[in-house]
Structure formats: C-alpha cells, structure tokens
Amino acid sequence: MNPPDRFRFFVTCARGTEGALRRELVALRIGSPKGDAGGVWFEGPLRMGMAVCLHARVAMRVLLQVSDFPATTTDELYAGARAVDWSAWLSTTSTLAVHASIRTPEVGQGAARGLTHSVYAALKVKDAVVDMLRDKLGARPDVDAKDPDVALVLHVAGDRARLFLDLAAEPLHRRGYRVAMTDAPLKETLAAAVLALGGARTDEPFVDPMGGSGTLAIEQALAARDIAPGLARPRFGFERWPAFTDEHRRAWRELHAEARAREAEGRARAAAAPIVYADVAGDALTAARRNAAAAGVAADIEFLAADVADVTTLTRRWPNGVVCTNPPYGERLAERDLHALYRRMAGAFSRVAWPVVILSGNPLLAREMRVKPRVSHRLFNGPLEVRLLRYEPAARDRL
C-alpha cells in the first residue's frame, strides 16, 4: 500500500517563535498555516514538507501526522498505534526509533493512567508497530535508536495521542556548520528567530559586539545571501523512507537545484550589507571564524577582537544599521561581575545611534538599561525563559 500525497504537518519551534515561523511558511507559499503552542500546522504534499526542511530557518522539526486517536491507557495507546497500516511507511528491512513526549494534565483534570512516562509510552508504540508489520508482512523491522531509517514521534496531550513521522529525523538547528563550540552556544533556529523578531534587515549593517561562536552573524549572512539553511546537511531522514518514491526523489532534486541556484545568485550579487562580529575572547573569535568558514560565509563577515565598549566605534562607520547580541546570562559569572558587565553594556548601548536587539536571559540587564524597550517578547531558550528586547535610539536619548 502506498500512502497518499497530501498530509497534515506540524512544524515545531521554540516557544515564543511561532509567529516568526508562520511568516516563514507564508513566504514559502504554504497556504493557511495555523499557529499552535510550540509550532505551526499546515496541509500539503510531501514536497511541501521537504521544502520546509530545506528552507525554514526558525523550524526545529517537520512532523508528518500519521494518526490521531484517543488514548488514556497504555492498552488504548497500543491499540491505536497498531491500527495504523505501517506497511505504507516501513518495510521489514527498515530500522525505526520512537520518541515520545507527554503533556501531563493539570492537577484536578485527571491524569491519563499509564501515560505519564514517555519512555514506556514510546516502547508501547514500538511494540504496536513491529507487531502490526510482523502480522501483515511475516517479519518485523529492527530498532535503531541512534540512526533509524524511519523516526516516529508520539505526542500525548490530555486524552489524545498523535503519531508523526519526523522528516529530518533530527533537529533542524543542526545546520552542519557548527564545527567549533563555545560555552552555551545559541541554537541556530533560535538565532534566526531573534533576527526575524528583532527586525534585523539583511540590507543594513549588522553588528554583534558579543558574538560568541558567531551564530547570529552567520545566520544573518546566510539570510543575506539567500542560502537555504538545509543545504549543508548531507541527508534528511525522508530520503531513507521506503515510501520515498522515484517521484519524490525527482521533486527533492528539483528543490535542491532551485536552492543551489538561489545560493549562486546570492553569491553573485554585489557585496552584502556589512556584517561585523566582535568578541573580546580569542577562543570565541577562533571558533566563530571556523564556523563561518564551514557555513560558507566567512567572506561576508568582518571578525574583530573588540570589547562591548567598542560598539560605538564599530557602528559609527555607517549611518544606520542594527546591533544584535546574545550576552551572557550569568550562569558562569559571579553576581558582582555580572552587575559590572551589564552596567558596561548598558552604557555602551546607550551611546549607539542604531536600534539595539538583545536576547536577555537575566532581568538585571533590562534594569541596567534604565528605559523601557520598544519590543519585549518572551521566548524560551530550551527550558530557560528569556526576553527579546529591542531598544530604539529615540528612547535611549532620554538616558
């Protein structure tokens, strides 16, 4: 049995970035995407899901919904998963893995019996899948938790269970260019969301005075050159699906060729607006250079060894632009040192004649700025609540 070629997709993202993701999908000509907590829904053919994997900068995962059924017990979960005709997606020689997430009901709403442990729920779904295939095809596929041909995702919320296929089989923030690490690097997808929500334009100068591993500057350069973030990945999970037909392969080759052509056009254009990376730490500067080279955008970024206090000098070279940065949150700094750093940052940013966008994980920084930001947007960096703050020059004139 072959699956149809129109599906319901759920594209996940960091909490707080759903609006940015929805606008991305609209720009990809995906009709009527609908925002939800932690992601965006849309309907379309597999080609559309593949395009999102290739082009979306904010998306974390692209999930194709296979089934949606009531499940308040492990028996109901097993029965619902086994009712799916998995032969449309897996063969007896496929390997699979199941990842589960469970949203526990609020106290007083009645917890689902037996569906409170994600590992056990994933095991029950795995059993249902392999039992169904053994009964229909005479053999069962193997499990490969690290590198499966087909990655399944179970999400349980309240009394509903949804089963998905993960098109990429791993998070999309793994662009393939992070070859060097620094402490607490910013995920590439969240960096892209910060740029979009903070209003960083690709046709204006961009300065990150505390650049770390270079993620913000690199994502800005990728967007400026119209380089699809998925181009550097060697392979996506859907390419290994037994259900990935010759027609799908032709469509994927076309999408890839179109993205390569757009990249070539972007590189052939005149020099993009200046992108400046600066950091006072030599090891961060080295890591950022290596990562930018791996991303193919090292020539588009000016790398400087500079302190955040130098941001005024850096921005005076051009009449307009944006400062965008992700300063330390304080996990590795003593409180006294953190206060001193934030005071220096606030003083430096107050003298900049450009908008300043900050991803702040510590309310001390906002207090040190002493004025209200024009934009204060709540985001989540993993489990950590952070704030995207945008300060306009007119507001800082009152300091």
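## Thr-73 and its loop

Helices and strands here are DSSP runs, numbered from the N terminus. In this predicted model, Thr-73 sits in the loop between β4 and α3 (74-82). Buried means under 20% relative accessible area, and Thr-73, at 17%, is buried. Thr-73 and Ala-121 are 48 residues apart in sequence, and their C-alpha atoms are 9.7 Å apart in space.

## Leu-64 in strand β4

Strand β4 covers residues 61-70 and contains Leu-64. Leu-64 has a relative accessible area of 0%, so it is buried. Leaving aside residues up to four places away in sequence, Leu-64 touches Phe-7, Arg-8, Phe-9, Leu-46, Trp-89, Leu-163, Phe-164, Leu-165 and Leu-167. Val-125 is 61 residues from Leu-64 along the chain, with 16 Å between the two C-alpha atoms.

Arg-8, one of the residues that Leu-64 touches, also belongs to a patch of positive charge on the surface, together with Arg-22, Arg-23 and Lys-34. Arg-23 is part of helix α1 (residues 18-27).

## Helix α6

Helix α6 (residues 215-224) is largely enclosed by the rest of the structure, because nine of its 10 residues are buried. Among them are Thr-215, Leu-216, Glu-219 and Ala-224. The cover over the buried residues of α6 includes α5 (188-198), β9 (206-208), β10 (275-279), α8 (282-295) and β12 (322-325). Just after α6, Asp-226 has a positive phi of about 60 degrees.

## Salt bridges

Side chains of opposite charge can pair when their charged atoms come close. The whole structure holds 26 salt bridges. One of these pairs is Asp-147 with Arg-240, at 2.7 Å from N to O. Asp-147 is in the loop between β6 (142-143) and β7 (150-157) and Arg-240 in the loop between α6 and α7 (246-268), so this pair ties together parts that are 93 residues apart in sequence. Asp-147 is partly exposed, with a relative accessible area of 41%.

Arg-233 and Glu-170 also meet in a salt bridge, at 3.1 Å from N to O. This pair links the loop between α6 and α7, which holds Arg-233, to the loop between β8 (160-166) and α5, which holds Glu-170, 63 residues apart. Arg-233 counts as buried at 7% relative accessibility, whereas Glu-170 counts as partly exposed at 30%.

## A buried pair and a network

In the salt bridge between Asp-300 and Arg-225, the closest N and O atoms are 3.0 Å apart. Asp-300 lies in the loop between α8 and β11 (302-305) and Arg-225 in the loop between α6 and α7, so the pair ties together parts 75 residues apart in sequence. Both Asp-300 and Arg-225 are buried.

Definitions and conventions
Residues numbered from 1 in each chain as written. Predicted model: local features only at pLDDT ≥ 70, side-chain atom pairs only at ≥ 80, totals over all residues. Heavy atoms only, no water. Helix = DSSP H or I, 4+ residues; strand = E, 2+ residues; numbered from the N terminus. Buried < 20%, exposed > 50% of the residue type's maximum accessible area, 1.4 Å probe, protein only. Contact = heavy atoms within 4.5 Å. Patch = residues over 30% accessible without salt bridge, like charges linked within 9 Å, V, L, I, M, F, W, Y side chains within 5 Å. Areas by Shrake-Rupley, 256 points an atom, 1.4 Å probe, with all protein chains shown as cover. Salt bridge = Lys/Arg side-chain N within 4 Å of Asp/Glu carboxyl O. Lys, Arg positive; Asp, Glu negative; His and termini not counted. Charge placed at Lys NZ, Arg CZ, Asp CG, Glu CD.
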